[in-house]
Every structure is written in C-alpha cells, then in structure tokens.
Amino acid sequence: MDSADGAEIAIQYDGVTKEYGDLKAVNDVSFDVKDGELLALLGPSGSGKTTTLRMLAGFEKPTEGTISLAGDDVTHVPTHKRDTGMVFQDYALFPHMTVGENISFGLKRQGFEKGEIQERIDEVLDMVDLQGFADRNPRNLSGGQQQRVATARAIAIEPEVMLMDEPLGALDKKLRDQLEVELTELQADLGITTLYVTHNQEEALTIADRIAVMNEGEIEQIASPIEVYEEPATEFVADFIGDTNFLEGDLHETDGRVVLDIEGTEVDVNAAGVPANGGAVFVRPEKMNAREAGYTDESVNTLPGTVTRRLFLGSKVRYFVDIGRNVVTVDDSNKHGTTLHEPGDDVVLSWSVHDTRLAHG
Amino acid sequence: MTRQQSETTFGRVNERLSGVLRKYRDTRIGKYALIGPTLLVVAVLMIFPTIILLSYSFNPYDQGAIQAGSTLAHYVRAFTTTLYQDTLVRTIKIAVIVTIIDFVLGFPLAYAAVRKGGWMGKLIVIATLAPLTIDLVVRSFGWFILLNGTGVINSTLMELGLVTRGNAPQLLFNETGIIIGLSHVMLPFMVFPIINVMHTIPHDLEEAAQNLGANRLTVFTRILVPLALPGISAGILITFVVSLASYVTPALLGGGVRVIPVVITETFTSTSNWPFASALSMILVGVALLVIIAYQRVLKEMEGVGGV
C-alpha cells in the first residue's frame, strides 16, 4: 500500500473505536504511519493514546474499525502472531531471567539456533551500549539500564513496528534527555517504524517525525512537531503544546482583515476569516516583546499593559503583563541590550501579525 | 469518652505496647519468651504424642496386650501384608491424584480471581472459601446426595440418556468418591497460596511475553509457573500432605475402600493393638516427611536454574 508521496505505509488505523461499557476510550480514529517514521501519540492521561497503542499490540480488541500492519489487516490476529516489539513503561523485564535470557525469549519463539541467538544478544546489547551485561540480573540494574534492556529485547526480534508506551516516563529529567537522543538515533539507524506514546510534549516535539495530539479519544491534529506548535489546529492543541496566551476580545472581520478588539485596541489576526463556531486568538510568549511605554510600530501588533511579576530564568526573562482583560506571559530573550522592566512598569507588548494565530474552538 | 478520644487513647496504648515489644524482642530472653507459648503448645500437642506413638510402635503385642520389650514385627507386618501394602499405595495414589486435580482446577481459579478482579474475583474467592465454613461431615453428606447411585449426577446423566441404570458410573464408596470429596475439601489450600503470589506478578510481564511471540502455553510454563512457584509449591505441599493424612472424607465417602488414616483409626478403636496402629501412623508420618524433604530438595534445584 502506498501513501500519496510514495512511501510505504507501515501502520494504518481505519475508523478505530474502543468502548468500555458506555465510555468511548478511543473514538473513530484513523491515521497512517509511514515506513520508518516515528509517530508520537501525545495527550493528557485518559486521552486514549495508550489504548490506541495497545490495540496495535493486540492487547485490546477494537470495538469497531480495522488496524493494518504492513498492509495486512491484523484486527483479529492474536498478539503473539503480530510482528510488533513493545517497550513498556515499567519495562516488564522478566525478573527470573538474566538480561540475555530476556533478549533470547523472543528469539527462541522465532526458532533461532543457539549460536545465532548468542550473536544477536551481543549485537543488540552493543546497540544499546550495554556490552557484557548478558549475564546480569535485570533487578540489579539502574532504571536507565533496564530501559535499554527493554529496548534491546524489543528490537532483537526485528519487529515490523516498535511500540513504546511512555518508555522514558519513569526516569529523571537528565537521563530522559539523554535517552531521548539515543532512542531517536537508534530508531533512525534501524529505520524501524515506531508508535510512541507520551504525555510529555517536550519529548514528543524532540523525538517525533509527526505528532498525533489526542484528546478525549479523538485525534485533534496530526502533523509535524513544528506545525503542531506553530499552527495548532484547535484550541486544545494550542493550549496543550507549549505555553500559550489566549487573548480575549471581540473577534470580527473588517475590510477583509480579521481583527480582535481588546478594550478598544485592535489587533490583526493571521487568519483568512472568522470560523462559524468562533475560535481562540493566541500568541506564544516568546513571540512577544515587552517594550518601553509609548513604543509604536505600525507594522506589528502592539498592546499596552502593566508588568505584574518578573521571573529571571537565566536564558530568558519572563514577564506577567496585565493587559486589562487577562494577564499574558511574555518571554524576552536575555541578550545584551534587552531592557529589564520592573514590576509596576507600564510597557507596550509588540509581536508580529504572523504570530497572532487563530485556533478553532 | 468520645469515639475520637478513645481512638487516640487506643492508638497511644498500642504504640506503647509495640514499643515495649520491640525492645523486648531484641533481647535474648525476650526472643525465647515470645516463641515460648507456641513451642509449648507444639511440644505438648504434637511432639510428645508422636514420641509416645513411636515408642508404642516397637512394643510387642501378644495375647491382646501390649508387652514390654522391643520389636520390628509391626513394621514388617505392615510392609509385607498385601492388604496394608495396597492401602498405603492407594493412600499415596489418592493424595497424588487429588493434588494434580486441585492444581489443574485451582491455578486457573487463582489466576482468574486476581486478573479479573472486581466482583468476579471476589466471587471466586468467596466460592472457594465458603465450603470451609461448613463442617466436613455435613459436606460429605452433601456429596452423598450428589454422587449416590440414584443421586443428582447419575439421575441427570440417565435423564440425558448418556447412561442407563445398568451402566451408571459408581461415584460413591470407592476411590472415585474419596478423590471427588477430597479435591473439593482441599481446593482452597491450593488456591489461596497461588492467589497470594499471583498478586505479585505484574500483568505486563504476560503481555510482554505474548508480544515477543509466546502463546498461552508458553506464557504459562515460562512466565507464570516460574514466578508463581513459591505459591504453587506451598499449595501442592499442603494439599498433598493434608490429603495423605485426611480421615473424615475418606471414611465417609470411601465405604469399604480404605486409606491408611482410616485403617489406623479402626485399629486403634476396634482392636487393642495399639503398637500396630502406632507403626502404621509412623509409616504415614515417614512418608509425609520424606515427601516434604524430597520436595524441598527439588525446589532448591529449580531455584538454582530459574534464578527465582
């Protein structure tokens, strides 16, 4: 099966719904994952992302819809006959087996010879940088090492797709950052199609080729990290990914321009028209600058306000600015020449019309 | 005193007491004093009677009376008489079969009780426990109603046309009756140790194994059994040893088919040949001890291999 741009489609969800009694955990979800792509399923807890992943592994059966793996409908194929390799959140390493036995478990099921198995164990341990760990007991390894063993065990069987359920969720920030890089490199080297569940938006932005943002069992948007951040399709996505200032005011169209009227100050909005069901105008904090009071520039949007708090964060300065209807967050980068404002100072916020986005409600 | 006051008072007393106990426990005298009562009960009720029986078993028995002196005659008689040989073999055979049946029935029950959880899990636990609240004798009479020649089971089978009155299976007053009854009695002793250990096995280990290509049987043999081994071995040992020594159920459901504990009781009560009955008792104790020791050896070996 081919997608529009010619790349093979490795995973296909078509109208997949999963109901638990009255609860629709996953509601009519459809998407494709291209061969070799890493797609992150991102959403808050209870958004249905893990259920979506578990249905591909075969742990849950969809109530409706079909799931295909490499072009074959696997909706009714039992778990052990599906060619997926899963990395669990708490790793699920077999505690009664050594690291090597954990890795060989899947290889034995595939009927490899003893010699081949030994070679493969060394090979995958090498890939995850755990040479010589084959005889160790997984219980005596650190969290990061256990994570690597879980990854090694999953890739050892050379699955069609890799499934990762919050694989770095149990690790501290520093280790997570390091493993994020290692995992993406490994995934790219092997060219293995990966479905990656996370509730951590930074993680998703860092590692994913594309992100599917899920909310209440539905996919709100599926796009590249940059697009999801810069052009969120819905208010939920704008709010969930990154920090966002929603501007309150009267949204209307005048002379072909979309304008937001905030207490008498007009702000141009980067939109083709006002959607029928309304929408939310928002600006990211780092897109705004806090200028001296009285600053004017006709080419950009400007709005007067008063600094209520200032946080000096090292690489940036964060201001909370009262603009009347609400308080917005403004991140000024800490560069030579940036004026530091004090709480109580009157300022003028400026940002480009391009960065004044409209998200559908 | 209000409820809250009494609760805090109780809490304080409790804390005080456990503090004293903690300190006390760490002294040498304290340690022995704490296990003392238990030791005393075990000594008086278990060890002394066993020693008395052991000494009886070597006393000669002549002209309807216990004689002074020492002889192995009773042991020789027990091991060389076909009747007693057969009874011992039957007793062990029944205990083995009951243990196997209870494992086959009990493991899935324990698994379902833990994995299904919710009301289903509770129902299984209650249904397994409930028979323990009814006296053994009453339960055995329950089985009479179900198992006898024209009982519920056979009349149902006849109704369905599966058997006729002539070839209806004999389910009572034979080994089958004993096995059915004992399997029922012993089931909780198999199920509960396994339930306990099953709680400690994360479900995602099974999922991980399936994901790596393991079918249900492989998940069972390679993941569940090795990890549940402590509970399984406890369940098997208790079921086997208690089945071996059980009296009430075999006596009521076995009819003319006897097991060693029934023979021992009859010998004690209907003859005055206590030395022979004592020898039979010692043989039964010996078999149980042998099995326990051998079993623990095997388990130790397995632990070495599996790394449990």
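**Domains and a sheet**

Guide: This is a predicted model. In chain B, the C-alpha centres of domain 1 and domain 2 lie 33 Å apart.

Visitor: What makes these the two domains of chain B?

Guide: The bounds come from an automatic or database domain assignment. For chain B, that assignment gives domain 1 as 1–56 and domain 2 as 75–306.

Visitor: Which domains does chain A have?

Guide: Domain 1 spans 9–240 and domain 2 spans 245–360. Their C-alpha centres lie 39 Å apart.

Visitor: How many residues of each domain of chain A take part in the contact?

Guide: Domain 1 of chain A gives six residues and domain 2 of chain A gives five. The cut-off is C-beta atoms within 7 Å, so these residues count as in contact.

Visitor: Which classes make up the domain 1 side of that contact in chain A?

Guide: Three residues are nonpolar, one is polar and two are charged.

Visitor: Now the sheet in chain A. Why are S18 and S19 called paired?

Guide: Pairing needs at least two bridges. S18 (residues 316–322) and S19 of chain A share seven bridges, so they pair, in the antiparallel sense. Within S19(A), Asp332(A) is the bridge partner of Val317(A).

Visitor: What is the strand order of the sheet?

Guide: The order in chain A is S16-S20-S17-S18-S19, an open sheet of five strands with antiparallel pairing.

Visitor: What makes S16 and S19 of chain A edge strands?

Guide: Strand S16 (289–292) and strand S19 (327–333) of chain A each pair on one side only. Neighbouring strands of this sheet are turned by 50° against each other on average, direction ignored.

Notes:
Residues numbered from 1 in each chain as written. Chains lettered and ligands numbered in written order. Predicted model: local features only at pLDDT ≥ 70, side-chain atom pairs only at ≥ 80, totals over all residues. Contact = placed C-beta atoms within 7 Å. Nonpolar A, V, L, I, M, F, W, Y, C, P; charged D, E, K, R; others polar. Helix = DSSP H or I, 4+ residues; strand = E, 2+ residues; numbered from the N terminus. Axes fitted to C-alpha atoms, helices over the stretch in contact; angles between N-to-C directions.
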